[in-house]
Amino acid sequence: MSGMFLFELLCEEIPANALPGARRQLAENVAAKLQEAGLGAAQTKVFSTARRLVLWLEGLPPATPERVEEVLGPPVAAAFAPDGSFTRAAEGFARACGVTPEELVVVEGPKGKVVAARKRVPGKPTPEVLARILAEVVSNLHFPKTMRWGDGAHVFVRPVHALVALWGEGSLTQVVPMELFGVASGSRTWGHRVVHPGPVELLGTAGLATYLERLRQAGVVVDPEERRKLLGEAAAALAAEVGCQVRSDPQLAEEHVELVEFPGVVRGAIEERWLALPPEVVVTTLRHHQKCLVLEREGQLAPYFFAVCDRPDDPEGHVRRGNEWVAGARLADAHFFYHKDLETPLEELARKLERITFHAKLGSFAAKAERVAKLAAALAGKLGDEALVAQVTEAALLAKADLASSMVGEFPELQGVMGGVYAKAWGKPEEVWRAIAFQYQPAGQEGPIPPTLAGAIVGVADRMDTLAALFSLGEVPTGSKDPFALRRHALSVVRICGEFPLPLALPELATWASAPFGGQVQNLAEFLRERERFFLEWRGLPSPVVEAVLSASWGVPAEDEARGRALAALWQEPAYLQLATAFKRVRNMVSKEGEGRFAPQLAQEPAERALVERVVAVEGELAALVAGRRWPEAFRLLGELAAPLDRFFTEVLVLCEDAELRQARLGILAKVQRMFLQLADLAKLQGVN
Amino acid sequence: MDLQSVILNLLRFWGERGCLVQQPYDMEVGAGTMHPETFLRVLGPEPYRVVYVQPSRRPADARFGENPFRLGKHLQLQVILKPSPRDVQALYLQSLQALGIDPAVHDVRFEEDNWESPTLGAWGVGWQVLLDGMEITQFTYFQQAGGLDLKPISAEITYGLERIAMFLQRKTSIYEVDWGGGFSYWHVRHRDEVELSRYAFEVADVELLRRHFEDWEREGARCLELEDPLVVPALEAALKMSHLFNLLEAQGAISTTERVGLIARVRKLAVRTAKAYLAQRERAGFPLLATSQNSPQGKEARA
């Protein structure tokens with residue numbers, strides 16, 4: 001089992017965002033095919049750089065195991081003559097399968113008993129099988145965008161230049177012949193484009209470590225994990241030299257890993273004068289154009305940045321000087337935009353929104369701002385005083401003004417941030433500029449919610465308006481289609497309400513937001529409920545608990561979450577599962593037979609009387625606990641009904657002959673149901689376990 | 001290296017590698033791609049290699065000569081290699097040496113940047129090339145033009161000449177760039193940037209622009225409806241529409257909804273022109289297929 005196999009595909013630069021998916025597919029799809037071929041024991045490693053996809057296998061046998069394949073033949077009735085001898089059909093089938101008729105067996109086919117041949121399929125040389133698997137997997141890799149090149153005959157993510165496919169036992173001794181995208185396999189790859197542009201011979205490579213080392217000598221670090229480590233270490237060391245830290249940007253750091261073959265970091269200096277720009281502008285300018293990280297000292301921007309380059313060194317300082325020059329030029333450009341924008345009062349920018357379309361059928365952003373301001377004012381009126389109403393109104397009217405600014409035209413990712421910066425610069429109250437600055441937070445699951453009440457209200461109002469507006473046009477997300485990111489907007493609403501928390505009910509929000517669009521907008525409330533379910537599960541509640549809680553009542557995420565947490569603490573206790581079973585019977589009975597009429601005086605049998613007594617005793621206390629939102633106690637109190645309910649169902653016949661008595665018994669159950677449904681529909685806990 | 005040396009060196013470099021050295025198109029265009037030497041030549045099976053400078057108009061980017069990095073008219077140096085050769089990236093790196101840039105001591109990265117021109121019904125896949133962090137080139141494998149799938153595929157290399165000159169000269173404003181012969185970019189171009197900006201943003205007559213948009217749409221269609229369709233005049237009409245559209249947009253005279261419609265009208269003419277060109281070449285028996293062996297395009301010059 002000492003067989004090893006190397007596959008390397010060398011091509012032109014693959015987009016960074018396509019690489020993690022390509023590695024995953026390569027690993028999963030090859031593993032599945034190896035399993036099918038009886039080679040499942042092999043160890044698989046997948047690597048990539050911007051220019052190559054690499055697969056390493058070891059622990060392979062020289063050939064795949066022999067298999068026995070069952071081929072189904074004619075039905076038994078057609079295979080045997082009445083005297084038990086084989087028919088011509090059976091003989092023909094056996095011949096076709098390369099066995100004698102005596103070797104046929106009778107098996108159960110999809111349509112009854114048939115004869116079958118057990119064919120021995122001999123193993124195949126492993127390299128041959130690997131060539132087939134790789135050709136199939138690689139040509140079926142899915143990329144976000146593919147292309148053709150040259151004569152246009154082949155389609156892949158980028159033009160393919162070389163294939164290495166090598167096999168051997170103990171070391172890679174033989175080329176495995178294969179062809180992909182018009183390129184035949186060989187034993188050579190090529191090094192880094194500028195550090196080592198020549199060929200690298202891989203025949204004779206003694207193992208994975210040798211391969212990685214040979215490539216490294218050719219200026220290529222094949223393993224993304226290794227590149228991540230090198231980048232992190234280089235950045236930390238360069239930052240420490242100037243007593244700074246790297247300002248965290250995990251998404252960009254991940255992209256850096258994929259962008260290069262050999263990761264290098266250069267530290268560039270920023271002229272101090274540019275640090276007078278808002279820090280977000282500096283960070284975004286350097287990130288947007290150059291994918292640079294910036295440095296911080298004690299939480300403040302420091303006058304340095306890191307550029308990641310695709311080479312280990314900077315022999316003549318060109319890389320640093322070049323990046324510094326570009327950074328300076330970009331920052332000067334941003335400075336130009338920033339000061340140009342500051343020449344225009346925010347209100348005047350906001351007036352330009354009349355010319356920016358929010359949606360062809362729904363008018364401009366100016367119209368949207370008016371609607372959002374009204375909705376935000378209504379919410380503020382419910383949650384606070386007149387000052388709050390004034391703050392959210394002003395913030396909402398100015399919130400989108402930055403869409404008309406040059407800075408946001410240049411850096412769309414700064415929308416909101418610039419609005420806040422400009423509002424502050426124009427002397428708006430802190431509550432107002434902060435509400436503008438944080439209006440796009442959170443982006444669905446990403447990032448924190450706005451830190452201020454005014455910000456939370458404006459954020460909710462803006463998104464509810466977007467949701468109601470697009471739902472009113474029938475733009476409801478379906479399946480993977482959600483071009484306006486409405487799921488994300490709705491989740492943001494739920495998160496703000498739940499995490500801030502805001503005591504607002506989602507169905508009511510839906511109604512209010514719908515008002516400018518001709519009354520209740522279809523499907524919106526249900527959509528919000530679905531997002532609330534997602535939110536509660538995302539917060540770690542088990543899905544049966546979430547369903548149980550929301551089925552009782554939904555729409556106030558913070559309270560629904562508290563209820564869910566109380567239930568989650570209990571629901572897997574045996575006594576509670578018993579209670580859930582009993583409650584399911586209650587629900588079934590009441591929904592089938594009706595709510596009856598509560599008449600405690602009619603209770604006859606001991607079990608019946610015991611339940612009525614418990615119910616009456618618990619009722620008042622439960623109401624007080626519910627009113628006080630004391631959910632853990634309330635759920636525990638419900639638990640006290642488990643035993644009496646069980647006894648009731650064991651000993652009492654609900655659907656008895658006596659109609660009046662039947663109504664009374666149903667009446668008790670209906671009362672129990674109402675009590676439970678103030679907390680949760682425990683029946684939903686069932687069926688999952 | 002001054003701007004005119006950048007131009008001369010690149011023209012010579014590509015000329016020596018089998019590219020026909022062409023001239024800028026004598027009309028307002030938004031990019032070198034709109035030059036018939038690119039837009040038409042990439043269609044059909046005939047091989048072609050060409051290099052030219054194309055002054056490119058982006059009225060909405062004009063900044064009255066005040067912004068150090070932005071121009072309403074900038075210079076592109078455009079290379080078309082059809083079919084895209086296997087060593088196209090290596091050739092490109094060699095071209096940098098013609099500019100005195102030795103890739104061995106710089107950081108050269110090819111970062112994904114795909115290109116699309118809705119008005120031309122064209123798109124491609126490729127990169128922007130970053131030299132020490134500076135975007136200096138757009139590199140595209142054309143996949144479609146005029147709504148037609150391309151085969152063979154052309155590689156388009158577009159050098160941003162002002163950017164490259166600024167970078168080589170370490171200037172912080174375009175206007176400080178040394179053009180050649182002791183002249184700066186300011187001397188040569190500042191006044192027309194100011195005037196073109198004023199015209200685009202303040203003076204242009206929106207009614208006239210709209211009227212001419214319609215006129216050229218009709219004129220282009222008329223050229224194609226002839227029994228022997230006039231391809232180049234039809235393309236020129238589409239180019240005029242495209243430029244008029246850009247001027248209208250700079251004026252802020254186009255709403256988002258209208259925008260889509262106007263783009264579709266330009267594209268319609270461009271697509272019809274592309275089809276007419278292909279038919280014309282086919283009738284002629286794709287003459288460059290036969291001559292490609294002997295023409296300058298056929299030589300695979302390698303360093």
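Trainee: Which residue is the bridge partner of A:V107 in β6(A)?

Mentor: A:V114 is the bridge partner of A:V107. The model is predicted: local features need pLDDT of at least 70, side-chain atom pairs count only at pLDDT 80 or more, and totals for chains, interfaces and linings use all residues. Residues are numbered from 1 along each chain as its sequence is written, with chains lettered from A and ligands numbered from 1 in the order in which they are written.

Trainee: How many bridges do β5(A) and β6(A) pair over?

Mentor: Five, in the antiparallel sense, with β6 of chain A covering residues 112–121. Strands here are DSSP runs of E, at least two residues, and helices are runs of H or I, at least four, numbered from the N terminus. Two strands pair if DSSP finds at least two bridges between them.

Trainee: What order does the open sheet have?

Mentor: β4-β6-β5 in chain A, with antiparallel pairing. The edge strands are β4 (67–75) and β5 (105–109) of chain A, each pairing on one side only.

Trainee: New topic. Is A:V222 buried or exposed?

Mentor: Buried, because 21 other C-beta atoms lie within 10 Å. The cut-off for buried is 20 or more, for exposed 12 or fewer, and partly exposed is in between, with C-beta atoms placed from the backbone.

Trainee: Where is the place of A:V222?

Mentor: In the loop between α5 (208–217) and α6 (224–241) of chain A. Leaving out residues up to four places away in sequence, A:V222 touches A:F47, A:T49, A:V54, A:L212 and A:L215. Contact requires C-beta atoms, placed from the backbone, within 7 Å.

Conventions:
Contact = placed C-beta atoms within 7 Å.
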